[in-house]
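Colleague: Can you walk me through this model, feature by feature? I would like the general idea each time, then the case here.

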Amino acid sequence: MSRDGARSVLRHFGTIAGFAALIVFNLAPIVWSVRTSLMAPSDIFAYPPKWLDFAITLEHYERIVKSGYFQTFRNSIAYSLAAIAIGLIVGLLAAYGFDRFRFLGKKAMFFLVVFCIPLSMGSSALIIPNYLYFSKLGLLDGWFTLPLLYTAYNLPMAIWIIKSGVEAIPVEIDEAAKIDGCSRFRFIFGIVAVLSRPVLAAAALFIFLGSWNEFILSSIMINKPDLRPVQLAIYQYLGFFGQEWGPLTAAASVAIVPSIVIFTFLGRMLISGLTAGSVKS
Amino acid sequence: MLVAPSILFLIVILIVPLIYTVYNSFFDLRFLQMGDFLGFKNYAAVFRNREIWHSLGLTIIVTFAGLAISIVVGMLMAVWIHSCQGLTAYFLQIIVLIPWVISMVVGALLWKWLFNTMGPINYLLNAWGYGNVDILANPRLAPCALIFVMAWRTVGFAMVLILAGLKSVPKDLEEAAEVDGANRWNVFWRVRLPLLKTPVMIASVILLLSNFNNVDVPMVLTGGGPGNATNVITMELYRQGFVYYDFGIASALSFITLLINVVLIVLYMKVVKYDV
């Protein structure tokens with residue numbers, strides 16, 4: 001066989017191996033879980049496994065709905081939206097401030113922001129501190145508890161992402177607006193915000209994923225069933241349903257829908273945000 | 001001042017608690033009751049605790065093993081996707097990133113179900129003539145499973161950063177090397193790889209941080225068990241606080257964990273060249 005022939009065989013082999021790996025490791029687990037969630041309990045543990053020949057049932061979904069799953073869904077959406085709203089407003093102000101102004105302590109403050117990016121990723125060191133502090137201040141178990149935390153944890157990264165967009169806006173626009181008598185806040189939330197839509201969207205996406213997927217903080221801060229977010233509910237189902245994989249996989253399958261849908265449409269934005277330098281993982 | 005609200009947020013919610021914890025770590029704080037001043041006794045107790053040492057050792061192994069797998073597989077994926085075009089490349093990226101986008105709770109739950117003795121993995125083992133293996137109940141296999149799931153969820157992240165690095169390698173540099181008679185292998189090792197140093201470094205530091213601090217995956221996948229086989233440092237922290245209710249010890253351990261994190265944070269700030 002010629003060298004080129006060998007190379008092309010190798011390349012085809014690599015492509016097939018790559019696709020096979022992606023299907024087995026990245027798609028199959030999700031498909032398997034969705035499949036389980038649609039099976040009757042007797043089929044789930046059938047041996048040999050029923051690969052396709054099973055009757056579809058929605059009983060597990062009915063069970064999780066009855067146990068109040070949608071309440072937790074609503075909570076997570078509210079927490080995420082609150083964190084996104086505060087994060088974008090406060091983050092845009094900070095990004096603009098850091099980019100356009102010189103002020104006392106600017107370096108130190110920006111250092112703090114960058115320091116907090118990895119710090120909020122290394123959140124295990126913050127679990128006990130946040131718990132003790134919030135319990136001391138009586139801030140545990142409130143409707144505001146998780147939005148506050150989610151905003152603070154995702155804000156450093158949001159500032160970093162938004163700043164990269166604000167930098168690209170020419171200073172001449174600032175001056176023109178000033179001459180036209182546009183107030184600073186109207187300028188920031190009108191013109192700068194509109195011009196930096198892509199980075200605002202990327203930042204919003206990050207805050208969303210960070211808030212929607214967060215688990216450990218909610219598990220220690222929240223006791224009231226009415227205030228539970230989605231991930232905490234799934235974790236508690238693990239104790240509650242035990243080996244009943246029907247309702248467990250049903251809950252898991254529903255929980256990933258928002259992330260997957262948003263990600264499929266805004267994936268490019270997320271990837272560009274990721275490569276903006278550094279990111280939560 | 002425009003940056004004030006943000007800075008206030010970070011100081012009040014992230015920094016002050018850390019300082020408060022240093023204060024707490026010097027007191028007897030069992031069951032959240034503020035007791036006697038203990039000086040460094042909590043720290044001494046942490047250092048004398050064999051379980052914590054075991055836990056720290058295990059964490060280091062899990063952290064680095066997970067990182068190594070992620071970087072190697074992420075690199076392979078990046079090189080592969082780099083050779084694809086347009087929409088194919090985009091969809092491949094999306095699929096590789098799925099485990100990173102879904103929550104760790106769900107990711108760990110998916111694998112917990114796949115590892116189940118009645119699950120497909122054991123079915124295949126049986127079909128090939130092996131006996132059932134309860135992977136998550138086996139003290140030798142459970143840490144491997146933990147490493148696997150941690151690596152699984154971060155491969156996409158490594159891939160994205162490395163792929164961006166590959167894209168930034170100037171085409172003419174590669175062509176020049178080829179004109180000079182370098183084969184593809186040499187182009188990869190001598191031209192591309194050196195230029196990938198920065199993205200690989202950034203990905204590595206972030207993944208070290210992420211693996212070291214990962215509490216969601218062990219919590220859902222194994223709960224630290226069987227026995228203490230997967231009792232990584234974050235699980236131990238959680239136990240000291242929310243199982244034993246010894247918040248003095250937990251605070252001391254948190255502070256030690258923070259110091260380890262600070263080393264990684266400093267590394268992070270070195271590789272991500274930020275400026276104002």
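**Reading the model, from loops to chains**

Modeller: Start with a loop: F31(B) sits between α1 and α2 of chain B. Bear in mind that this is a predicted model.

Colleague: What is phi of F31(B) near?

Modeller: The general idea comes first. Most residues other than glycine have a negative phi, and most peptide bonds are trans. Here, phi of F31(B) is near 55 degrees, a positive value in a residue other than glycine.

Colleague: What about D141(A), and where is D141(A) placed?

Modeller: D141(A) lies in the loop between α6 (124-136) and α7 (145-166) of chain A. Its phi is near 60 degrees, again positive in a residue other than glycine. D141(A) has 14 other C-beta atoms within 10 Å, so this residue is partly exposed.

Colleague: And the peptide bond from G225(B) to P226(B): cis or trans?

Modeller: That bond is cis, with omega near -5 degrees. P226(B) belongs to the loop between α11 (216-221) and α12 (233-243) of chain B.

Colleague: Let us move to whole chains. How many helices and strands are there in chain B?

Modeller: Chain B has 13 helices and 0 strands. Its C-alpha atoms fill a box of roughly 75 × 65 × 30 Å along the principal axes. Of its 276 residues, 46% count as buried.

Colleague: Which share of the contacts in chain B comes from residues 24 or more positions apart?

Modeller: Such pairs account for 72% of the chain B contacts with a separation of 6 or more.

Colleague: Now helix packing. How should I describe a pair?

Modeller: Two packed helices are described by the angle between their axes and the distance between the axes. Take α2 (residues 41-48) and α13 (residues 247-271) of chain B: their axes come within 9 Å and cross at roughly 75 degrees. α2(B) and α13(B) are therefore roughly perpendicular to each other.

Colleague: Which residues make the contact of α2(B) and α13(B)?

Modeller: From α2(B), the residues are N42(B), Y43(B), A45(B) and V46(B). From α13(B), they include G248(B), I249(B), L253(B) and I256(B). By class, the contact has 7 nonpolar, 3 polar and no charged residues.

Colleague: How is chain B divided into domains?

Modeller: Domain 1 covers 16-48 + 246-276, and domain 2 covers 57-243. Their C-alpha centres lie 29 Å apart. The contact takes 13 residues from domain 1 of chain B and 10 residues from domain 2 of chain B. The domain 1 side divides into 9 nonpolar, 3 polar and 1 charged.

Colleague: And how is chain A divided?

Modeller: Chain A has domain 1 (3-37) and domain 2 (65-274). The centres of these chain A domains are separated by 34 Å, taken over C-alpha atoms. Domain 1 of chain A gives 4 residues to the contact and domain 2 of chain A gives 6 residues. On the domain 1 side, 1 is nonpolar, 3 are polar and none is charged.

Colleague: Which members of the largest nonpolar core touch the most other members?

Modeller: The core has 169 residues, and those members are I162(A), A203(A), I234(A), A251(A) and L109(B). The largest share of this core, 16 residues, comes from helix α7 (residues 141-167) of chain B.

Colleague: What is I234(A) in contact with, leaving aside neighbours within four places in sequence?

Modeller: In chain A, its partners are A251(A), A252(A) and A255(A). In chain B, they are V105(B), V106(B) and L109(B).

Terms used: Residues are numbered from 1 along each chain as its sequence is written. Chains are lettered from A and ligands numbered from 1 in the order in which they are written. This is a predicted model: local features need pLDDT of at least 70, side-chain atom pairs count only at pLDDT 80 or more; totals for chains, interfaces and linings use all residues. A nonpolar core is a set of buried Ala, Val, Leu, Ile, Met, Phe, Trp, Tyr and Cys residues joined through C-beta atoms within 7 Å. A residue is buried if 20 or more other C-beta atoms lie within 10 Å of its own, exposed if 12 or fewer, and partly exposed in between; C-beta atoms are placed from the backbone. Helices (H or I, at least four residues) and strands (E, at least two) are DSSP runs, numbered from the N terminus. Two residues are in contact if their C-beta atoms, placed from the backbone, lie within 7 Å. Axes are lines fitted to C-alpha atoms, for helices over the stretch in contact, and angles run from 0 to 180 degrees between N-to-C directions. Angles under 35 degrees count as roughly parallel, over 145 as roughly antiparallel, 65 to 115 as roughly perpendicular and the rest as oblique. Ala, Val, Leu, Ile, Met, Phe, Trp, Tyr, Cys and Pro count as nonpolar, Asp, Glu, Lys and Arg as charged, and the others, Gly among them, as polar. Domain bounds come from an automatic or database domain assignment.
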